[in-house]
Amino acid sequence: MPTTPATAANNSSNGTGEAILLELVDEDGRTIGTAEKLSAHQAPGQLHRAFSVFLFDEQGRLLLQQRALGKYHSPGVWSNTCCGHPYPGEAPFAAAARRTYEELGVSPSLLAEAGTVRYNHPDPDSGLVEQEFNHLFVGMVQSALRPDASEVGETVFVTAAELAERHARGPFSAWFMTVLDAARPAIRELTGPSAGW
C-alpha cells in the first residue's frame, strides 16, 4: 500500500500506538475538526466523514461481507462490501480503495463515486452511534478475494433477490439499507436493468 501523509500519520501499525483520528464535518460535509474514532461513535455521536463501497462481479451480484466477530462495532453482522473512515486529509476515494484492499485483499477493477448520504443510526447492542456523512462508491471486482480474518468473517456474492432473502433473516448492519438505497441509482447504472437492483 502506498504511504501518504494521511496514512503515515494515522497508521495504527506504525508502532506509535496513537489513536486513530476521524474527520468531523458539518451538515454540508465540510471538515470542521477531528476526533478519536471511538469517542466519535459514543452517544450521541459526532458527525464525521465515512465511506461505503459496493462491488459487483460480472454477473451483477453484490459482494457482501460479514464483519469479523472481534470488531468492537457491529461484530458478526452482514454489511456492504467495505465501509470505513478516511483519515484526516485523505480523500474518500483513496480511503475506499485502501480499505477495500486492506480488508478483502483485492483492488477494485472499477470504482466510481455514487453520491453521499447523511444518517444517524444508533446500534442497540453496543450503544455506539453511526452519525455519518457517508461517501458512496460502486464498482467491479474481478480478482480472487483474500480477506483479512481480523476484519472479515465471511464473504458472499448475492443477487438482488438473494439479498432480500438474507436481509429478512438478518442480522445486517444498522446502516446497510440506508447506504444501499442511496447508492441504488449508481448501482442500476453499473449493473443494468436486468440485474434487478
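Among contacts in the chain between residues at least 6 apart in sequence, what percentage join residues at least 24 apart? And what surrounds aspartate 57?

Tutor: The model is a predicted one. Among contacts between residues at least 6 apart in sequence, 67% join residues at least 24 apart. The chain has 5 helices and 9 strands, and from the N terminus on its elements follow the order α-β-β-α-β-β-β-β-α-β-β-β-α-α. The radius of gyration is 16 Å, which agrees with the value near 16 Å that a compact globule of 197 residues would have. Along the principal axes, the C-alpha trace spans about 45 × 35 × 35 Å. Of the 197 residues, 49% count as buried. The accessible surface amounts to about 9200 Å², and carbon and sulfur atoms account for 53% of that area. As to charge, there are 14 positive and 23 negative side chains, and the centres of these two sets lie 2 Å apart.

Two polar partners of its side chain can be named. The side chain of aspartate 57 reaches the backbone nitrogen of glutamine 59 at 3.0 Å. It also makes a polar contact of 2.7 Å with the side chain of arginine 61. Not counting residues up to four places away in sequence, aspartate 57 touches Met140, Val141 and Phe157.

Valine 141 is found in the loop between β8 (129–140) and β9. The C-alpha atoms of valine 141 and aspartate 57 are separated by 5.6 Å, although the two residues are 84 residues apart along the chain. With a relative accessible area of 4%, valine 141 is buried. Beyond its neighbours within four places in sequence, valine 141 is in contact with Leu55, Phe56, Asp57, Leu63, Val106, Ser109 and Phe157.

Phenylalanine 157 belongs to strand β9 (residues 152–158). Its relative accessible area is 23%, so phenylalanine 157 is classed as partly exposed. Its contacts, leaving aside neighbours within four places in sequence, are Asp57, Arg61, Leu62, Leu63, Val141, Leu145 and Glu162. Phenylalanine 157 and glycine 60 are 97 residues apart in sequence, and their C-alpha atoms are 9.1 Å apart in space.

A polar contact of 3.1 Å joins the side chains of glutamate 23 and threonine 31. A polar atom of the glutamate 23 side chain also lies 2.8 Å from the backbone nitrogen of glycine 89. Leaving aside neighbours within four places in sequence, the contacts of glutamate 23 include Thr31, His48, Arg49, Pro86 and Gly89.

Proline 86, one of those contacts, lies in the loop between β6 (82–84) and α3 (92–104). Proline 86 counts as buried, since its relative accessibility is 1%. Apart from neighbours within four places in sequence, it is in contact with Leu21, Glu23, Arg49, Ala50, Phe51, Pro92 and Ala95. Proline 86 and serine 39 are 47 residues apart in sequence and 16 Å apart in space, C-alpha to C-alpha.

Two other prolines concern the backbone geometry. The peptide bond from alanine 43 to proline 44 is cis, with omega near 5°, and proline 44 lies in the loop between α2 (37–41) and β3. The peptide bond from glycine 170 to proline 171 is likewise cis, with omega near -10°. Proline 171 lies in the loop between α4 (160–169) and α5 (176–191).

Conventions
Residues numbered from 1 in each chain as written. Predicted model: local features only at pLDDT ≥ 70, side-chain atom pairs only at ≥ 80, totals over all residues. Heavy atoms only, no water. Polar contact = N/O pair within 3.5 Å; in protein donor to acceptor, adjacent residues only side chain to side chain. Contact = heavy atoms within 4.5 Å. Helix = DSSP H or I, 4+ residues; strand = E, 2+ residues; numbered from the N terminus. Rg over C-alpha atoms; globule rule 2.2 N^0.38 Å. Buried < 20%, exposed > 50% of the residue type's maximum accessible area, 1.4 Å probe, protein only. Areas by Shrake-Rupley, 256 points an atom, 1.4 Å probe, with all protein chains shown as cover. Lys, Arg positive; Asp, Glu negative; His and termini not counted. Charge placed at Lys NZ, Arg CZ, Asp CG, Glu CD.
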